[in-house]
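I open this notebook to keep track of what I looked up, and in what order. The structure comes first, and my entries follow.

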Amino acid sequence: MDFTFTEEQQAAVEAAKAVFSGVAPDGVPSPALTPGAVADDIDRALWARLAEADLLSLVIGPEHDGAGLDPIALCLVLRESAKVLARVPLLETSAVAMTLQRHGGAELGSRLLPRIGRGELVLTAAANGRTGHDPAERAVTARREPGDATAWTLDGVQTAVPWAQIADVIAVPAHAEDGRAVLALVARDRDGVALAEQVSTSGELFAEVRLDAVRIDDSEMIDAEGAWEWLRELLATGTCALALGLGERVLAMTSEYTGKREQFGFPVATFQAVAVQAADRFIDLRAMEATLWQAAWRLTASEKRGGAASGALPLYGDVAVAKIWASEGVRRVVQTAQHLHGGFGADTDYPLHRYHAWAKQLELSLGPAAAHEEALGDLLATHPLG
């Protein structure tokens, strides 16, 4: 497998590193010391810098003043963002923009995509359903308005929607009367939309979004076949990229600490028990990386071909493997880091506890590895290899 990145993708990484270099992971109150959300808004200054560096238009097509790059480039940038715990909905906004670019109509794209690229619109996505365990598209119904062939009515609930209170548009999956999955782009201030505050494990502001007879028209609906499914897999793959970046930074912090911390006159990093644990976590990260790029490549190939990329399994199979390694791997990395840091890792003046909280949130977002293993087993049963 060739993991060589293109010049454009490498340039995106360098631009991301430059923007994120000035971000402090402890720039907001500690989630361990804050009873509610750590902040009531995203990092607006960082959002503006991302727009200035053309990173918000990275995946938007040239016809809308973007660079037109692919899911691999997005994952490379997300990987860098996680290393500094960047408090911006870069994944959600970019993923919805890519879905709009791929599956939305020309009028909707012309109206929204240039503004997204300039940082004027913040988007988020409701991907957790009513409880976090049921399919998100089953939590909301989308019905055609009687007597109006261009109008829809939405009813239902979506939970744990990231930064919904400050998003301009929320992408809401729903099921139509014929059973199809559709994707509604709902303005946060639309009549019938109610937000109930939720706080994530990382201390960030989430929301339960209730839709009560919310009316939208065709210009705000993406009903192309496969639109929601593609967005769902892109969000999951992007979350795996966040887990990888966070894990890499945590292992680097652990290496720095154990290389300086001495016992019996020697750095603890030279002790076999410490070295073996760190080596195991390095292996976890490399497995997370390999499975991430496989999933991102499948997404990129499907985007370029306008359909499913060829492979032994459907796209979901590669994403499931990436999710298995990311959810298990990021948990093991932060647990080992806490163990090797000793009590210092729990010190709220040291940023490791923040990474632990973010890692747990990513693990919860990805879902349990056992569930993905079961789904992968079902895929293998219906798509035997060889």
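**Entry on two helices.** How close do the axes of helix α1 and helix α3 come, and at what angle do they cross? Working on a predicted model, I looked up the pair and found that the axes of α1 (residues 7-20) and α3 (residues 71-83) come within 9 Å and cross at roughly 25 degrees. Angles under 35 degrees count as roughly parallel, and α1 and α3 are therefore roughly parallel to each other. I also noted that their crossing is right-handed.

I then asked which residues meet there, and on the α1 side I listed Gln9, Ala12, Val13, Ala16, Lys17 and Phe20, which meet Ile72, Ala73, Leu76, Val77, Glu80 and Ser81 in α3. Sorted by kind, the residues of this contact divide into 8 nonpolar, 2 polar and 2 charged.

I looked next at a search of the whole structure for cavities of 30 Å³ or more, and it finds 1. The volume of the largest cavity is about 60 Å³, and its lining is made up of Pro25, Val28, Pro31, Val38, Leu85, Arg87, Ser202, Glu204, Arg354 and Trp358. I recorded that this lining divides into 6 nonpolar, 1 polar and 3 charged residues.

**Entry on Glu208.** Last, I looked up Glu208, which is found in strand β7 (residues 205-217). Leaving aside residues up to four places away in sequence, Glu208 touches Val157, Gln158, Thr159, Ala194, Leu195, Ala196 and Gln198. I also looked up Glu256, 48 residues apart from Glu208 along the chain, and the C-alpha atoms of the two are separated by 40 Å.

Key: Residues are numbered from 1 along each chain as its sequence is written. This is a predicted model: local features need pLDDT of at least 70, side-chain atom pairs count only at pLDDT 80 or more; totals for chains, interfaces and linings use all residues. Side-chain values use heavy atoms; hydrogens and water are left out. On a 1 Å grid over the protein atoms alone, a cavity is a set of points where a 1.4 Å probe fits but cannot get out, and a pocket is an open set with protein on both sides within 12 Å along at least five of seven lines; lining residues have an atom within 4 Å of a point. Grid points are joined across faces, edges and corners, and a volume is the space filled by probe spheres set on the points. Ala, Val, Leu, Ile, Met, Phe, Trp, Tyr, Cys and Pro count as nonpolar, Asp, Glu, Lys and Arg as charged, and the others, Gly among them, as polar. Axes are lines fitted to C-alpha atoms, for helices over the stretch in contact, and angles run from 0 to 180 degrees between N-to-C directions. Helices (H or I, at least four residues) and strands (E, at least two) are DSSP runs, numbered from the N terminus. Angles under 35 degrees count as roughly parallel, over 145 as roughly antiparallel, 65 to 115 as roughly perpendicular and the rest as oblique. A crossing is left-handed if the near helix is turned anticlockwise from the far one by less than a right angle, and right-handed if clockwise. Contact means heavy atoms within 4.5 Å.
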